[in-house]
Amino acid sequence: MLFGRRHPEKFGSKLRTLLWPRRSFSRSFRYLQKRVLRLNATPHAIAAGFAAGVFSSFTPFIGFHFLLAFALAYVVAGNMASAALGTAVGNPLSFPFIWGATYEIGQFFLTSRTIDGTAPSGIGRALTHMDFASIWTPIVKPMLVGGIPLGTAAGLLAYGLVFAAARSFQKHRTRRILEGRPPARPLRSAEKAQRSVTAGGSLRISDEV
């Protein structure tokens with residue numbers, strides 16, 4: 001395959017890269033930031049799309065975050081590429097905190113139970129057998145209910161930050177384009193004389209030949 005690896009990456013290496021970026025989290029964050037800000041769209045479209053991706057990351061529908069982000073981005077007139085980048089908020093490092101917070105808040109809304117950090121009973125057996133019907137009420141439903149307010153708050157916060165950053169970036173880029181490149185440095189008189197002498201010398205040599 002074109003541009004493929006000479007030696008296939010092993011599963012352990014893929015898992016390590018998934019959990020810990022090769023170039024540190026700060027460089028990965030800067031890379032994501034540049035990818036978002038350099039999108040060819042309006043600040044609203046970029047911010048709305050990214051917010052849609054952030055909101056979808058707070059839902060318990062693993063594997064459907066991209067589809068949900070695209071659907072929400074279409075509704076709010078957001079950029080699809082920005083929506084896909086926004087789903088990066090949900091990753092193996094942030095998912096445990098997102099899932100725990102959405103589950104506890106959902107349980108509080110549904111049963112008025114005090115948040116105590118207790119895991120739902122039977123979650124291991126339910127996840128092992130992938131019995132969706134048995135995990136809907138005790139696990140998925142509370143996470144969905146809790147994910148709506150948390151995802152909305154996170155999405156609104158992301159929208160404000162990305163909108164301000166995208167507008168500032170585009171204004172700065174437009175100003176640089178309007179200013180244009182600096183004019184070429186004019187040749188000095190000595191350089192002009194040297195070039196004329198060189199041209200005359202080469203001309204005389206060619207005449208002699």
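1. Let me start with Ala47, which sits in helix H3 (helices are DSSP runs of H or I with at least four residues, numbered from the N terminus). Please keep in mind that this is a predicted model, in which local features need pLDDT of at least 70, side-chain atom pairs count only at pLDDT 80 or more, and totals for chains, interfaces and linings use all residues. Residues are numbered from 1 along each chain as its sequence is written, and side-chain values use heavy atoms, with hydrogens and water left out.

2. Is Ala47 buried or exposed? Ala47 counts as buried because its relative accessibility is 0%, where buried means under 20% relative accessible area, exposed over 50%, and partly exposed in between (1.4 Å probe, protein chains only). Leaving out residues up to four places away in sequence, Ala47 touches Tyr159, Val162 and Phe163; contact here means heavy atoms within 4.5 Å. The C-alpha atoms of Ala47 and Leu156 are 9.3 Å apart, although 109 residues separate the two along the chain.

3. The largest nonpolar core has 16 residues, and Val36, Ile46, Phe50, Val54 and Val162 have the most contacts inside it. Such a core is a set of buried Ala, Val, Leu, Ile, Met, Phe, Trp, Tyr and Cys residues joined through side-chain atoms within 4.5 Å. At least two residues of this core come from each of helices H2 (24–37), H3 (43–57), H6 (95–111) and H8 (132–179). H3 gives the largest share, 5 residues.

4. Val54 deserves a look of its own. Beyond its neighbours within four places in sequence, Val54 is in contact with Gly86, Val89, Ala154, Gly155 and Ala158. There is also a second, separate core of 5 residues, including Ile135, Ile139, Val140 and Met143.

5. Thr87 is in the loop between helix H5 (80–86) and H6. With a relative accessible area of 8%, Thr87 is buried. Not counting residues up to four places away in sequence, its contacts are Gly53, Ser56, Ser57, His65, Phe66 and Ala69.

6. Finally, the surface. Phe61, Phe64, Phe66, Leu67, Phe70, Tyr74, Val75, Val76, Met80 and Trp136 make a nonpolar surface patch of about 1,000 Å² (areas by the Shrake-Rupley method with a 1.4 Å probe, where for residues only the protein chains shown count as cover). Helix H4 (residues 65–75) supplies the largest share of the patch, 5 residues. Trp136 belongs to helix H8 and is partly exposed, at 31% relative accessible area. Patch residues have over 30% relative accessible area and no salt bridge; nonpolar side chains (Val, Leu, Ile, Met, Phe, Trp, Tyr) are joined within 5 Å, and like charges within 9 Å. A salt bridge is a side-chain nitrogen of Lys or Arg within 4 Å of a carboxyl oxygen of Asp or Glu.
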